[in-house]
Amino acid sequence: MFGFGKRDCRKDELFMSASRRIDEEITENQKEKMLAGSNIIGMQSGLAFKLLRNIDAASQLSDDEFKLFLIIVMQGMNDALFENIDVNDEIKSISLAFLIADGYRNFGNQFNYYFEDVLSVFEKISNISSEEWVQQVFLEGKKAWNIIGENNDNMMPIGDVFQNEELVLKVKSI
């Protein structure tokens, strides 16, 4: 049976309180831009799981290392998305957390994280954010977002980040 054992996000108080914050603190225009951008980031994430997980460098990572690296890239993309949407940093993080917290879904998910799992990963990243390689991965995520905005032929700019084998393997140092 699909979804057996899955938690209902509507009964998850942490998830719902974050949802209410989004509803209360941003305008419809901001929400529309946020959702459109989140869909693009989500598509790039899906491509990473489907097409990049088994390339040279990424194949050397554990699932948790791959997810951590990808989330840092996504944080950079999310930061670039919100450069033109005037909201506070917590709303930016909540927006990305909703995208990553796919454990509630009753169908195939990528991260298999619940909301508190995502917040734990965000905290882990915050604790290592001063490391040069983390900052570089974050900037590569921003660069990937900007490539998307240029409407050029590169439909998978996240792939460029994963081609840097030396950078990808830095996540193993944690």
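Predicted model: local features only at pLDDT ≥ 70, side-chain atom pairs only at ≥ 80, totals over all residues.
Residues are numbered from 1 along each chain as its sequence is written, and side-chain values use heavy atoms, leaving out hydrogens and water.Let's start inside. In soluble globular proteins, nonpolar side chains tend to be buried together. Here, the largest nonpolar core has 54 residues. A nonpolar core is a set of buried Ala, Val, Leu, Ile, Met, Phe, Trp, Tyr and Cys residues joined through side-chain atoms within 4.5 Å; buried means under 20% relative accessible area, with exposed over 50% and partly exposed in between (1.4 Å probe, protein chains only). Phe 69, Leu 70, Ile 100, Trp 133 and Phe 162 touch the most other members. Helices 1 to 8 each give two or more residues to this core, and helix 3 gives the largest share, 11 residues. (Helices are DSSP runs of H or I, at least four residues, numbered from the N terminus.)

Now zoom in on Ile 100. Leaving aside residues up to four places away in sequence, Ile 100 touches Ile 71, Met 74, Phe 111, Tyr 113, Val 118 and Phe 122, where contact means heavy atoms within 4.5 Å.

Next, the pockets. On a 1 Å grid over the protein atoms alone, a pocket is an open set of points where a 1.4 Å probe fits, with protein on both sides within 12 Å along at least five of seven lines, and lining residues have an atom within 4 Å of a point. The largest pocket holds about 340 Å³ of space, a volume being the space filled by probe spheres set on the points. Its lining has 15 residues, and Gln 75, Asn 78, Asp 79, Ser 93 and Phe 138 lie nearest the centre. Helix 3, helix 4, helix 5 and helix 6 each give two or more residues to that lining.

The second largest pocket has a volume of about 290 Å³. Among the residues lining it are Ser 19, Asp 23, Lys 31 and Arg 105. Helix 1, helix 2 and helix 4 each supply two or more lining residues, with the largest share, five residues, coming from helix 2.

Finally, look at Glu 65 in helix 3. Why does Glu 65 count as buried? Because its relative accessibility is 17%. A polar atom of the Glu 65 side chain lies 2.8 Å from the backbone nitrogen of Ser 62. Glu 65 also touches Gln 60, Val 171 and Lys 172, again not counting residues up to four places away in sequence.

Methods:
Polar contact = N/O pair within 3.5 Å; in protein donor to acceptor, adjacent residues only side chain to side chain.
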